[in-house]
Amino acid sequence: MTRTALLVEDNTAIAMVIRSALEDEGFLVEACISVAGRDGALAAGQFDVMLTDVMLADGDGIETLGAVRAAWPQMPVIILSAQNTLDTAVRATSGGAFEYFPKPFDLDELVKAACQAAASHSDLGEEEADPGEGLPLIGRSQP
């Protein structure tokens, strides 16, 4: 099964490195550079995980996290930030982020977190399926 990731990062060099690393792990990656681009991508498709920068040209990734969590409550969100402050970390986690990575981050750790997030998303999807679906039970009973 192919995993999908939405990458919202306005720094082209960082986006290229993250995209390449995620694709090496088998992700299909859609990238955009703004809150508006993110919203358009989310409206058009479903993603197993979203990685987003905090400071974008048209908005704050954490301030808009609530709207994303409300519309797509099961999609894990990983926050990336050059603002390496306690306040930013608290805002990210209290906003419902799956993980918070201050820049510069360890790329291997970021990819590992994205894999874990995507796995948790697919596990949630399986839990929502009919629990009896696919069970090989055959029985007889009195009417």
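**Notes on the sheet, its helices and the charged pairs**

1. H2 lies across S1, S2 and S3, and its direction is at about 160° to that of S1. The model is a predicted one, and the points below should be read with that in mind.

2. Five strands form an open sheet in the order S2-S1-S3-S6-S7, and the pairing is parallel. S2 and strand S7 (99-102) are the edge strands, each with a single partner, so one side of each has no neighbour in the sheet. On average, neighbouring strands of this sheet are turned by 20° against each other, direction ignored.

3. Strands in a sheet pair through backbone hydrogen bonds, in either a parallel or an antiparallel way. For S1 and S2 the sense is parallel, with 6 bridges between them. As an example to locate in the view, alanine 5 has valine 29, in S2, as its bridge partner.

4. Which residues of helix H2 (residues 35-44) are buried? They are Val35, Arg38, Ala41 and Leu42. These residues lie on the same side of H2, because the arc they cover around the axis is only 125°. Ala36, Ala43 and Ala44, on the other side of H2, are exposed.

5. The contacts of that buried side involve several elements. The buried residues of H2 pack against strand S1 (3-8), strand S2 (27-32) and strand S3 (49-53), and also against strand S4 (55-56), strand S5 (59-60) and helix H3 (65-71).

6. Charged pairs come next. Oppositely charged side chains can pair when their charged atoms come close. The count for this model is 5 salt bridges. One of them joins glutamate 9 to lysine 103, with 2.9 Å between the closest N and O atoms. This pair links distant parts of the chain, 94 residues apart: glutamate 9 is in the loop between S1 and H1, and lysine 103 is in the loop between S7 and helix H5 (107-128). Glutamate 9 and lysine 103 are both buried. Glu9 and Lys103 also belong, with Asp53, to a network of salt bridges.

7. Arginine 38, one of the buried residues of H2, forms a salt bridge with aspartate 39 at 2.8 Å, N to O. Aspartate 39, at 35%, counts as partly exposed.

8. Another salt bridge pairs arginine 91 with aspartate 60, where the closest N and O atoms are 3.0 Å apart. Arginine 91 is in helix H4 (residues 86-94) and aspartate 60 is in strand S5, so this pair ties together parts 31 residues apart in sequence. Arginine 91 has 24% relative accessibility and is therefore partly exposed. Aspartate 60 is buried, its relative accessible area being 11%.

Note on methods: Residues are numbered from 1 along each chain as its sequence is written. This is a predicted model: local features need pLDDT of at least 70, side-chain atom pairs count only at pLDDT 80 or more; totals for chains, interfaces and linings use all residues. Side-chain values use heavy atoms; hydrogens and water are left out. Buried means under 20% relative accessible area, exposed over 50%, partly exposed in between (1.4 Å probe, protein chains only). Helices (H or I, at least four residues) and strands (E, at least two) are DSSP runs, numbered from the N terminus. The arc is that of the directions from the helix axis to the C-beta atoms. Contact means heavy atoms within 4.5 Å. Two strands pair if DSSP finds at least two bridges between them. Axes are lines fitted to C-alpha atoms, for helices over the stretch in contact, and angles run from 0 to 180 degrees between N-to-C directions. A salt bridge is a side-chain nitrogen of Lys or Arg within 4 Å of a carboxyl oxygen of Asp or Glu.
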